[in-house]
Amino acid sequence: MRIDVITLFPGMFDVLRENGITRIALERESAGLSCYNPRDFTGDRHRTVDDRPYGGGPGMVMMPEPLDRCIDAVRQANSGPLIYLSPQGETLDQRLVEELAGLPSLVFLCGRYEGVDERILVSRVDREVSIGDYVLAGGELAAMVLIECMLRLLPGVLGSAESATQDSFSAGLLDHPHYTRPEDYRGMRVPGVLLGGNHAEIGRWRLNRSLERTRTRRPDLLERRMLSEVEQQLLTALDTEQNDE
Ligand code: 9WO
């Protein structure tokens, strides 16, 4: 997967190159990340990228010309969809992550100040994505969130291929609790079922904890998700029984 990012702060993306799972993914041939700075596509002595908004008001707007030239340069090498990160976009979820991670190439445009001149959005942006209902100082951290979400799904990036399919949300449910050694930590014991090695029983226990947590913390997820016969029965049983561990 090839990713090109248009940003006034290319240094921010070194965090992805230098750390954790994103570093592993980007060290492989199969993934690449390059940044383009609109400031390198200005024509004036001060390398100006922003100007005052027509109609007045606070702040500055990113000018169209440097962005247009910068996008032209990116387009020499990347014909994938151009995504603008903003609170006005469609909200990111795991389904959208999986859809975008399946594409061979993507371009991200990161706004700063009060945003980008509307004519760039209309003429050059294919899609607008939000990572949630809050305002950042720019699109960079949102692009980094989306890039990390995608890179961890690439084949061979996670320790085991199972991890990505078993985690929160890919199954449409919240994750179950996890335990490691010691068996007794400050008087808090690991649930007995996890020590027994009965994998059918462990699977049932984990699914029960996932269903329970999803219903109490995120009932909206359950309402949208079709429950299987087994899941429906387990959820009904949870209402009637007292907790067995
Ligand atoms: C700044 C501002 C200042 C005064 C009055 C209104 C204002 N709106 C904004 C604003 O939305 N600035 C944005 C900063 C412009 C686009 C880039 N910026 C951004 C992207 N902030 N937050 C995001 C973002 C992106 C994706 N998901 C969540 C938030």
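Start by selecting helix H8, residues 199-217, together with helix H10, residues 229-240: their axes come within 10 Å and cross at roughly 70 degrees. This is a predicted model, so keep that in mind at every stop. Angles from 65 to 115 degrees count as roughly perpendicular, and H8 and H10 are therefore roughly perpendicular to each other.

Now show the side chains where the two helices meet. On the H8 side, pick Arg204, Leu207, Asn208, Arg209, Leu211, Glu212 and Arg215. Facing them from H10 are Glu231, Leu234, Leu235, Leu238 and Asp239. Colour this contact by residue class and you get five nonpolar residues, one polar and six charged.

**Next stop: the ligand**

Select the ligand and bring up its surroundings. Which residues come nearest to the ligand? Out of 18 around it, they are Tyr84, Glu114, Ile131, Tyr134 and Leu136.

Zoom in on the backbone here and check a few distances. A nitrogen atom of the ligand sits 2.8 Å from a backbone N or O atom of Ile131. For Leu136, a polar backbone atom is 2.9 Å from a ligand nitrogen. Click on Tyr113 as well: one of its backbone N or O atoms lies 3.4 Å from a nitrogen of the ligand.

How much of the ligand does the protein bury? On its own the ligand exposes 600 Å², and the protein buries 74% of that. To see which elements give two or more residues to the shell, highlight strand S5 (82-91) and strand S7 (127-130). S5 gives the most, with four residues. By class, the shell divides into 10 nonpolar residues, seven polar and one charged.

Move on to helix H4 (residues 94-101) and helix H6 (residues 140-151), whose axes come within 9 Å and cross at roughly 70 degrees. That angle makes H4 roughly perpendicular to H6. Show Val97, Leu100 and Ala101 on H4, then Leu146, Cys149 and Met150 on H6, and you have the residues that make the contact. Colour by class again: this contact has six nonpolar residues, with no polar and no charged ones.

**Two backbone details to finish**

Most residues other than glycine have a negative phi, and most peptide bonds are trans. The last two selections are exceptions worth a click.

Where is Pro182 found? Look in the loop between helix H7 (161-166) and strand S8 (184-185). The peptide bond joining Arg181 and Pro182 is cis, with omega at about 5 degrees.

Then jump to Arg47, in the loop between strand S2 (32-36) and strand S3 (50-51). Its phi is near 55 degrees, a positive value in a residue other than glycine.

Technical notes:
Residues numbered from 1 in each chain as written. Predicted model: local features only at pLDDT ≥ 70, side-chain atom pairs only at ≥ 80, totals over all residues. Heavy atoms only, no water. Axes fitted to C-alpha atoms, helices over the stretch in contact; angles between N-to-C directions. Parallel < 35°, antiparallel > 145°, perpendicular 65-115°, else oblique. Contact = heavy atoms within 4.5 Å. Nonpolar A, V, L, I, M, F, W, Y, C, P; charged D, E, K, R; others polar. Near = heavy atom within 4 Å. Polar contact = N/O pair within 3.5 Å; in protein donor to acceptor, adjacent residues only side chain to side chain. Areas by Shrake-Rupley, 256 points an atom, 1.4 Å probe, with all protein chains shown as cover.
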